[in-house]
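Please open the structure in your viewer and keep the selection tool at hand.

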Amino acid sequence: MIAFISDLHANREALDAVLRDVEVQKPDAIVCLGDIVGYGASPREVILRTREISQVVLQGNHDAALLDDRDAAGFNERALRAIEWTRAALDAEREENWPLWDWLGSLVPSMDLAPGPGAETVHLVHASPRHPLAEYLMPNFGPEHERVAGSFAASRHRLTFYGHTHHPGWFAEGDAFQRAADNDALLKLEPGRRYMINVGSVGQPRDGDPRSSYALFDGISVRWRRVAYDHQAAGRRILEAGLPSSLAERLLVGR
């Protein structure tokens, strides 16, 4: 069994709570689909913890933007301010931070994963199979939407796992997006059918549920877990860091 986490966004409180729940589920591996930094106020702690517990880590668009301003094209003002603050917090002039920058720079936004002997290989992307770093597959897109159809065409395997939109759920080829509602929402995979599966966000949910989201995959089904955490503490860190107050406020409502 694999635990998929994504979009941690430097939220230490959320990641700690999720990892406590993951430990109870006893997966064989933890895979992170990117966006370790951005928005939140604990980038160093979240990077270190992610490196420690994840067998596979992808690069997200906020991770890429931290490394290169060109990847911040299209970011709103709040996101840009958070990237600038994160750069200062992870001061590249300090030798102790060099391994963190090197590690972030080594990540890629897409890869194939063979879970184990006899298991089918799956496609991992941060955003979409067609444009793995930054294209949005929004939950209101219909099955004929150009991005959805194009992403199914670009997917290298029957199953693709992604994050980026912070909306847990799935596209089955030919169908509209299905939301993974509430804790322990279950998708039983139909043999031979193609899916793009969003695991949700650990650090900044946006589906109206403020609880963190992650997903468990056992080869035949996907199960989403929703985990409550201390939003107030995470929000206080954001405010104390001088980041926009809206980044703290949105944690309370999951938007």
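Begin with the whole protein chain in a cartoon view: this predicted model contains 8 helices and 12 strands. The radius of gyration is 17 Å, close to the 18 Å that the globule rule gives for 255 residues, so the chain is as compact as a globular protein of that length. Along the principal axes, the C-alpha atoms occupy a box of roughly 50 × 35 × 35 Å.

The protein chain exposes about 10,700 Å², of which carbon and sulfur atoms supply 48%. Of the 255 residues, 56% count as buried. If contacts between residues at least 6 apart in sequence are considered, 70% of them join residues at least 24 apart.

Colour the charged side chains. There are 28 positive and 36 negative ones, and the centres of the two sets lie 3 Å apart.

**Two backbone positions**

Select lysine 26, in the loop between helix H1 (12-25) and strand E2 (29-32). Its phi is near 60°, a positive value in a residue other than glycine. Is lysine 26 buried or exposed? With a relative accessible area of 65%, lysine 26 is exposed.

Move on to tyrosine 39, which is found in the loop between E2 and helix H2 (43-53). Tyrosine 39 also is not a glycine, and it has a positive phi of about 75°. At 9% relative accessibility, tyrosine 39 counts as buried.

**Salt bridges**

The count for the model comes to 20 salt bridges; three of them follow.

Select glutamate 52 and arginine 49, whose side chains meet in a salt bridge at 3.1 Å, N to O. The two residues are 3 apart in helix H2, and therefore about one helical turn separates them. Glutamate 52 is exposed, at 58% relative accessible area, while arginine 49 counts as partly exposed at 29%.

Now select arginine 70 and aspartate 68, which form a salt bridge of 2.6 Å, N to O. Arginine 70 counts as exposed at 69% relative accessibility, and aspartate 68 as partly exposed at 22%.

Finally, select arginine 226 and aspartate 209, joined by a salt bridge of 3.9 Å, N to O. This pair links distant parts of the chain, 17 residues apart: arginine 226 is in strand E12 (residues 221-227), and aspartate 209 is in the loop between strand E10 (195-198) and strand E11 (212-217). Both arginine 226 and aspartate 209 are buried.

Methods
Residues numbered from 1 in each chain as written. Predicted model: local features only at pLDDT ≥ 70, side-chain atom pairs only at ≥ 80, totals over all residues. Heavy atoms only, no water. Helix = DSSP H or I, 4+ residues; strand = E, 2+ residues; numbered from the N terminus. Rg over C-alpha atoms; globule rule 2.2 N^0.38 Å. Buried < 20%, exposed > 50% of the residue type's maximum accessible area, 1.4 Å probe, protein only. Contact = heavy atoms within 4.5 Å. Areas by Shrake-Rupley, 256 points an atom, 1.4 Å probe, with all protein chains shown as cover. Lys, Arg positive; Asp, Glu negative; His and termini not counted. Charge placed at Lys NZ, Arg CZ, Asp CG, Glu CD. Salt bridge = Lys/Arg side-chain N within 4 Å of Asp/Glu carboxyl O.
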